[in-house]
Amino acid sequence: MERIGRSGFGGIILATPSMEDYLEQIYILIEEKGYARVSDIAEALSVHPSSVTKMVQKLDKSKYLIYEKYRGLVLTAKGKKIGKRLVDRHALLEEFLGIIGVSEDQIYQDVEGIEHHLSWDAITCIEYLVQYFNEDVKRKEDLHRLKEMDELTEK
């Protein structure tokens with residue numbers, strides 16, 4: 001994973017968490033399929049195609065992508081960079097929650113709930129913490145042992 005960095009997007013701020021969700025999903029679709037159609041985006045985000053069209057037009061106006069009606073869309077360099085950072089942020093948070101012992105079936109929902117509410121400074125600190133735990137498996141074992149001991153005292 002490429003280091004995200006404290007600046008997040010190098011000073012570029014997306015207007016809304018919704019814009020981030022769309023850019024992240026568009027980036028994923030293009031990486032997986034080579035393209036992203038309005039219908040694919042709508043299905044992936046569980047929204048109506050008309051909502052996707054409106055957001056894609058906003059993202060086009062903000063220079064994150066180029067959209068031509070009936071022809072599809074292409075991410076600009078700016079859109080690709082941000083899309084990758086959003087995907088990396090999501091993966092980092094999933095890894096972090098896994099390390100600290102959040103159950104597998106809860107991780108995705110928790111990441112979706114917190115990813116838009118953390119500063120890029122907080123993301124960078126989490127990145128260092130994940131690196132710290134990954135450098136020595138004993139650190140993870142110690143953390144999990146603490147959790148197990150706490151759970152035993154609760155019973």
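Of the 155 residues in the protein, 33% are buried. The model is a predicted one. The accessible surface of the protein comes to about 9600 Å², and carbon and sulfur atoms account for 54% of that surface.

The protein has 7 helices and 2 strands. Read from the N terminus on, the elements follow the order α-α-α-β-β-α-α-α-α. Contacts can also be sorted by how far apart the partners lie in sequence. Among the contacts in the protein with a separation of 6 or more, 62% are between residues 24 or more positions apart.

Two of the helices can be looked at together. Two packed helices are described by the angle between their axes and the distance between the axes. Helix α1 covers residues 17-33 and helix α3 covers residues 49-61. Their axes come within 11 Å and cross at roughly 95 degrees. Angles of 65 to 115 degrees count as roughly perpendicular, so α1 and α3 are roughly perpendicular to each other. On the α1 side, the contact is made by Ser 18, Met 19, Tyr 22, Leu 23 and Ile 26; on the α3 side, by Ser 51, Val 52, Met 55 and Leu 59. By class, this contact of α1 with α3 has 7 nonpolar and 2 polar residues, and no charged ones.

Helix α1 also holds Gln 25. Is Gln 25 buried or exposed? Its relative accessible area is 16%. Buried means under 20%, and Gln 25 is therefore buried. Leaving aside residues up to four places away in sequence, Gln 25 touches Ala 44 and Leu 45.

How values were computed. Residues are numbered from 1 along each chain as its sequence is written. This is a predicted model: local features need pLDDT of at least 70, side-chain atom pairs count only at pLDDT 80 or more; totals for chains, interfaces and linings use all residues. Side-chain values use heavy atoms; hydrogens and water are left out. Axes are lines fitted to C-alpha atoms, for helices over the stretch in contact, and angles run from 0 to 180 degrees between N-to-C directions. Helices (H or I, at least four residues) and strands (E, at least two) are DSSP runs, numbered from the N terminus. Angles under 35 degrees count as roughly parallel, over 145 as roughly antiparallel, 65 to 115 as roughly perpendicular and the rest as oblique. Contact means heavy atoms within 4.5 Å. Ala, Val, Leu, Ile, Met, Phe, Trp, Tyr, Cys and Pro count as nonpolar, Asp, Glu, Lys and Arg as charged, and the others, Gly among them, as polar. Buried means under 20% relative accessible area, exposed over 50%, partly exposed in between (1.4 Å probe, protein chains only). Accessible areas come from the Shrake-Rupley method with a 1.4 Å probe; for residues, only the protein chains shown count as cover.
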